[in-house]
Amino acid sequence: MNSPTSAQISEPKAVQFRNAFINIFLPIFGLIIAGFLGWQLYKLNDITSSFGKGSSVSFKSEDEFNNAVAKAFNKIVEDKQKAMAQTKLQKFTAAPEFVPDGKHIYGSMDARYTLVEFSDLECPYCKRFHNTPKQLVDASKGNVNWQWMHYPLDFHNPAAADQAIASECISEQLGNRAFWAFLNDVFVQSRGNGQGVPNLAELATEIGADSNKFLECVGSGKYQQKIQEHMQKAAAQGIKATPATFVVDNHTGKMQLVAGAQPVQALMAAVSKLKAEAEEEAESQSGPGEQSTAQDKS
């Protein structure tokens, strides 16, 4: 018997490619198709689950089916929007839900020191500075809080003034914590120097506001007077540029101005200065007997 030649042993290249396709590529392709179909089935279950768990689904007409699908889809979108809003609010849990007298406070209401910031939502320096007070408040263990005051500069209007009014409408509808989350979103999306954000109503919706109520509030002009009062307070303190932050000792009433987008160390230095002045004044007012008693206790 003749032995087979090498040509007879080796398979043609076409046969080799076919075998490789069947053994390797076809299973991979099958997994991809199965994964895609599985995802589609998951989304279908996600929609149909909103029709009612444990109940059979039947529709009398195509319109009824289409309405049910649209309703289920809207529910999914609404749930995702709520999750998005909750994520934004989680960054500002140190802000009380409610603050009296229409003030906007981030941090403990009982803090010894308050950072009173006059700011403009279209100011690039304010944007750079915005996270600095938050850093100090978060690290202060309740000793420092932060109060926002509106000061939209004329050359940044109407965008700056519109955003200030919008933030007040957010506060009215959703509370103090949402106010701070909204400010943060405006600074993130603002193009600065009066260019504004693409869509204020969309930002409001993302934070959880009812867009119709928000637009009605903004259009009413009800908060223009409040913005003007903030600006008048700034003018009375000689403020002409933003950001301008007064560090206030709530025990003594004394304050220290930190002008511009200063680092957190500048705010800390102002707090230390006010604390030292308060301690020095307390020592000067106490008698010799009181000083010795305090020393004995220590």
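Analyst: A pocket is an open set of points on a 1 Å grid over the protein atoms alone, with protein on both sides within 12 Å along at least five of seven lines; a cavity is a set where a 1.4 Å probe fits but cannot get out; lining residues have an atom within 4 Å of a point. This is a predicted model: local features need pLDDT of at least 70, side-chain atom pairs count only at pLDDT 80 or more, and totals for chains, interfaces and linings use all residues. Residues are numbered from 1 along each chain as its sequence is written, and side-chain values use heavy atoms, with hydrogens and water left out.

User: Which residues line the largest pocket?

Analyst: The lining consists of Asp101, Gly102, Lys103, His104, Gln147, Trp148, Met149, Lys226, Glu229, His230 and Lys233. Each of these residues therefore has an atom close enough to a pocket point to meet the lining rule.

User: Which helix and which strand each supply at least two residues of that lining?

Analyst: Strand S3 (144–150) and helix H10 (224–236) do. H10 gives the largest share, four residues. The labels come from DSSP runs (helices H or I, at least four residues; strands E, at least two), numbered from the N terminus. The chain has 12 helices and five strands.

User: How many residues of the pocket lining are nonpolar, polar and charged?

Analyst: The lining divides into two nonpolar, four polar and five charged residues. Trp148 and Met149 are in the lining, and Trp and Met are on the nonpolar list (Ala, Val, Leu, Ile, Met, Phe, Trp, Tyr, Cys and Pro), while Asp, Glu, Lys and Arg count as charged and the others, Gly among them, as polar.

User: What makes up the lining of the largest cavity?

Analyst: Asp249, Thr252, Lys254, Leu274, Glu277, Ala278 and Glu281 line the cavity. Helix H11 (residues 264–285) contributes the most, four residues. By class there are two nonpolar, one polar and four charged residues.

User: Why is the aromatic pair of Trp146 and Trp180 called tilted?

Analyst: A search of the whole structure finds nine aromatic pairs. In the pair of Trp146 and Trp180 the centres are 4.5 Å apart, with 45° between the planes. Rings of Phe, Tyr and Trp (its six-membered ring) pair if their centres lie within 6.5 Å; planes under 30 degrees apart count as stacked, over 60 as edge-to-face and the rest as tilted. An angle of 45° falls in neither of the outer ranges, so the pair is tilted. The pair also links distant parts of the chain: Trp146 is in strand S3 and Trp180 in helix H7 (residues 176–189), 34 residues apart.

User: What makes the pair of Trp148 and Trp180 edge-to-face?

Analyst: Trp148 and Trp180 have 90° between the planes and 6.5 Å centre to centre. That angle is in the edge-to-face range, so the name applies. Trp148 lies in strand S3, 32 residues from Trp180 in helix H7. Both Trp148 and Trp180 are buried, and both Trp146 and Trp180 are buried. One aromatic cluster is formed by Phe92, Tyr106, Trp146, Trp148, Phe179, Trp180 and Phe187.

User: How do you know whether Gly196 is buried or exposed?

Analyst: The relative accessible area of Gly196 is 4%. Buried means under 20%, exposed over 50%, partly exposed in between (1.4 Å probe, protein chains only). The value of 4% is under the buried limit, so Gly196 is buried. Gly196 is in the loop between H7 and helix H8 (200–206). Leaving aside neighbours within four places in sequence, Gly196 is in contact (heavy atoms within 4.5 Å) with Glu122, Ala159, Gln163, Gln189, Ser190 and Arg191. In the whole chain of 298 residues, 35% are buried.

User: Why are Asp101 and Lys141 called exposed?

Analyst: Asp101 has a relative accessible area of 72%, and Lys141 has 80%. Asp101 is in the loop between helix H3 (62–90) and strand S1 (105–106), and Lys141 is in the loop between helix H5 (131–139) and S3. Although not a glycine, Asp101 has a positive phi of about 65°; Lys141, also not a glycine, has one of about 55°.

User: Where is the cis peptide bond whose omega is about 10°?

Analyst: That bond joins Asn157 and Pro158, and Pro158 is in the loop between S3 and helix H6 (159–174). A cis peptide bond also joins Thr242 and Pro243, with omega about -5°. Pro243 is in the loop between H10 and strand S4 (244–249).
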